Amino acid sequence: MGKYGSDKVGFFLIGGYDALGVQTGFTEKVSAVTEDGLTLGVAWAVNLYTGLRMAELSQEGFYDDGVNSFHEQLSGGIGLSRVACYTVEGNTSGKNFIGLAGALQADYERQLSLGALHKAKASYKVTGKYEQGKIVRPLASASASGNTTGNAIDLGASSPNGGAGYLQVTDLSTAAVAAMTVTLRHSADNVTFTDWASFTNVSTAPSAERISSTAALQRYVAAKWEGSSGAGGSTNFRFLVGIAKAEA
Amino acid sequence: MSSKYRALRPLEYPTSPAVLRKLKAGEHVPFDQRGHKRVAVGEVVDDVPAVSVGWLVEKGWIEPVAEPAPPEGSNDGEVR
């Protein structure tokens, strides 16, 4: 395991919104919820784990009112819980990423000061799981159909309890396709593959989805995508797929 | 032992011996060079990669198909 710099933040996606171009930092925090267990006759604090964990996230960057940029993402997101994905290890197949089942935006703050560009920031309370998974299909644009079967990622071992799939769609031109179908597929030997789970057909962007299944997840995982016929024209489908094994 | 199997779920696998040798050796083979065959549920095939048969049967994704028994008294038509 090596050290990583800010250039390795490969993506930071919330609900399909990609604010990496204007974002200057973010902080994540995962905590154990504890209860004071101090009783009489004890001189040192006692903290008891309640079995509950929680995660928090905050982001900050330059205020930007471009289409699908920071202001559009944050100003309309207060109170919304959206699927979030980010990586600090680079946007590369097989690298780790973090998936949040629901990042509930708690606030949106704009900061203005003399002689400086406007800034914006937001914080989130995570509802549901904070999961570390593997990038199956890095964030990139794609044509109408394809798959990563030839570059399936290796989870090291199967997951008998299944797992969760993450899909983030930042762009989708519906001129060429009416909807895209994205499916996770798996194999025990990287030779024979079958489908594991499919995301809901995507017809708009930005959008994001987390799917989970208790069906056993085999060691090798790939993604495939297909577009239904549309009115014609060039396809612009920019998306990310990730997989997280279920906790044992 | 039967070499025919019925697919119990949709499958995809390469059929080229050269590709299978490379994959078995752990070599990377781009998807466009694998020549995947798609098998639908219920389809009976005899070319499931040998390396995959064991775990596919164990997972219940394929099942062996018994070879039909030869008809009785069919050696040369001699009346007995």
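Tutor: Let us begin with chain B by itself, whose secondary structure comes to two helices and five strands, where helices (H or I, at least four residues) and strands (E, at least two) are DSSP runs, numbered from the N terminus. Along the sequence these elements follow the pattern β-β-α-β-β-α-β. Before going further, please keep in mind that this is a predicted model, in which local features need pLDDT of at least 70 and side-chain atom pairs count only at pLDDT 80 or more, while totals for chains, interfaces and linings use all residues. Residues are numbered from 1 along each chain as its sequence is written, chains are lettered from A and ligands numbered from 1 in the order in which they are written, and side-chain values use heavy atoms, with hydrogens and water left out.

Of the 80 residues in chain B, 30% are buried; here buried means under 20% relative accessible area, exposed means over 50%, and partly exposed lies in between, with a 1.4 Å probe and protein chains only. If we take the contacts in chain B (heavy atoms within 4.5 Å) that have a separation of 6 or more, 72% of them are between residues 24 or more positions apart.

Because R6(B) lies in strand β1 (residues 5–7) of chain B and E63(B) in strand β5 (residues 62–64) of chain B, the pair ties together parts that are 57 residues apart in sequence. R6(B) is partly exposed, at a relative accessible area of 28%, and E63(B) is also partly exposed, at 30%.

Now we can turn to the place where the chains meet. The contact takes 22 residues from chain B and 17 residues from chain A. The area buried between chain B and chain A is about 1,400 Å², with carbon and sulfur atoms giving 50% of that area; buried area is the accessible area (1.4 Å probe) that two parts lose on being put together, summed over both. E12(B), F31(B) and W55(B) supply 33% of the area that chain B buries against chain A, more than any other three residues.

Across this interface the rule finds nine residue pairs in polar contact, both residues at pLDDT 80 or more. A polar contact is a pair of N or O atoms within 3.5 Å; within protein, one must be able to donate a hydrogen and the other to accept it, and residues adjacent in sequence count only if both atoms are side-chain atoms. Which elements of chain B give two or more residues to the side that touches chain A? They are β2 (11–14), α1 (17–24), β3 (36–39) and α2 (50–59) of chain B. Of these, α2(B) gives the most, with five residues. The residues on this side of chain B divide into 14 nonpolar, three polar and five charged, where Ala, Val, Leu, Ile, Met, Phe, Trp, Tyr, Cys and Pro count as nonpolar, Asp, Glu, Lys and Arg as charged, and the others, Gly among them, as polar.

Within α2(B), the residues S52(B), V53(B), W55(B) and L56(B) are buried. After α2(B) comes G60(B), whose phi is positive, near 80°.

Let us finish with E12(B). The rule finds one salt bridge across the interface of chain B and chain A, and in a salt bridge the side chains of E12(B) and R185(A) meet at 2.7 Å, N to O. E12(B) also meets R38(B), with a distance of 3.2 Å from N to O in that salt bridge. Since R38(B) lies in strand β3 of chain B and E12(B) in strand β2 of chain B, this second pair ties together parts that are 26 residues apart in sequence. The two partners contrast in accessibility: R38(B) is exposed, with a relative accessible area of 57%, whereas E12(B), at 5% relative accessibility, counts as buried. Salt bridges that share partners join R185(A), D195(A), K224(A), E12(B) and R38(B) into one network.

Notes: Salt bridge = Lys/Arg side-chain N within 4 Å of Asp/Glu carboxyl O.
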